[in-house]
Amino acid sequence: MNATSPAPDTDPGRVVLLTTSHRVAPGLLSWPAWQALRAADRVLCADGAHPQLPYLRDAGIAVEEAAPSAQELLDACAGGRTVVVVATGEGEPALTDGLARLAGSGRVRMPELELLPASYDLPGARLLDLVQVMDRIRAECPWSSRQTHKGLAKYGIEEAYELVEAIEDGDREELREELGDVLLQVVFHARIAEEHPQAPFSIDDVAAGIVAKLVHRHPHVFGDATATTPEEVKEHWLRTKAAEKRRASVTDGIPLHQPSLALAAKLAARVRTAGLDVPLPGGEGIGYELLALAARAEAEGVEAEAAVRAAARAYRNAIRETEGTGAGRPPAGGMTEEV
């Protein structure tokens, strides 16, 4: 490319900056993008390893490996020519900054400038980034590469509780962060599972399983069944779940290691839903009293764990007021390790 400025009376031409998403399979470009590429006088790309280049060349598009300056690009467009620049992953900031400086100088006639997205991220596309980052961390981080399902279990519990706290606090920023921490646990465990010698599975297997479950348990959405109330939706869910699990007892599948009030409420809910008449055990002591309270809360539609947390938070605030430390959220602490 020469460095001669276009004559004032010539058509300054057109520059098309073509952007693509690395999260979409190469070659899947929009129709306007293909039209621009086929109509261009020249197509340039600074990255010879750009994933789109083999597909563009297969389609008969002549792509030059070049990284022109802003002035060189103006020269290439002179005379009414159209130049398409296939942007690299960084988006060509040096080139766009240079074009902005030339436009601001007022000394040159600028070509028509167009930013043309050739492919877009679909909803959930950033999850692909998370999978790729997790792959690299698992391979290269001295701590992460040694973790096991069992070793990470405590973090899953901690992150779930922190998510609940963010929800109850109504802190939107904290909620977003804690959802990310919970998501990390899922992706981390799935990455570890890929390495199992006998029964490996991947994050795609995890996603496929939950998709199939959701579709099957929502016949009113994906099938011919109808449901107009939340109660009818719950009936569909319980019926399809019972058919899937084929459990001998209504207590099957209830994790006994969950918090005690939640465990008691879950047992009471299973009994009530199944229409069983099972009196509470008549033992003595605070444990049986708490069991009765949890069953009562479930019957009244109150989440026992949430109710006790709310009362405990009020108690914590009262303690802090007595101490003179205020009733706000206490300083973070307690975790000596974080994922």
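Which residues form a nonpolar patch on the surface? The views below are of a predicted model, in which local features need pLDDT of at least 70, side-chain atom pairs count only at pLDDT 80 or more, and totals for chains, interfaces and linings use all residues. Residues are numbered from 1 along each chain as its sequence is written, and side-chain values use heavy atoms, with hydrogens and water left out.

**View A. Nonpolar surface patch.** I210, V211, L214, V215, V221 and F222 make up the patch, with about 520 Å² of accessible area together (Shrake-Rupley method, 1.4 Å probe; for residues, only the protein chains shown count as cover). Patch members have over 30% relative accessible area and no salt bridge, and nonpolar side chains are joined within 5 Å. A salt bridge is a side-chain nitrogen of Lys or Arg within 4 Å of a carboxyl oxygen of Asp or Glu. Two or more residues each come from α8 (203–216) and α9 (219–222), and α8 gives the largest share, 4 residues. Helices (H or I, at least four residues) and strands (E, at least two) are DSSP runs, numbered from the N terminus.

**View B. V221 in helix α9.** V221 is exposed, at 51% relative accessible area (exposed: over 50%; buried: under 20%; partly exposed: in between).

**View C. Largest nonpolar core.** This core has 18 residues, and L18, L37, V43 and L56 have the most contacts inside it. Such a core joins buried Ala, Val, Leu, Ile, Met, Phe, Trp, Tyr and Cys residues through side-chain atoms within 4.5 Å. Its largest share, 4 residues, comes from α1.

**View D. Surroundings of L37.** Leaving aside neighbours within four places in sequence, L37 is in contact (heavy atoms within 4.5 Å) with L18, L29, V43, L56, I61, V84 and V86.

Conventions. Patches are made of residues with over 30% relative accessible area and no salt bridge: like charges are joined within 9 Å, nonpolar side chains (Val, Leu, Ile, Met, Phe, Trp, Tyr) within 5 Å. Buried means under 20% relative accessible area, exposed over 50%, partly exposed in between (1.4 Å probe, protein chains only).
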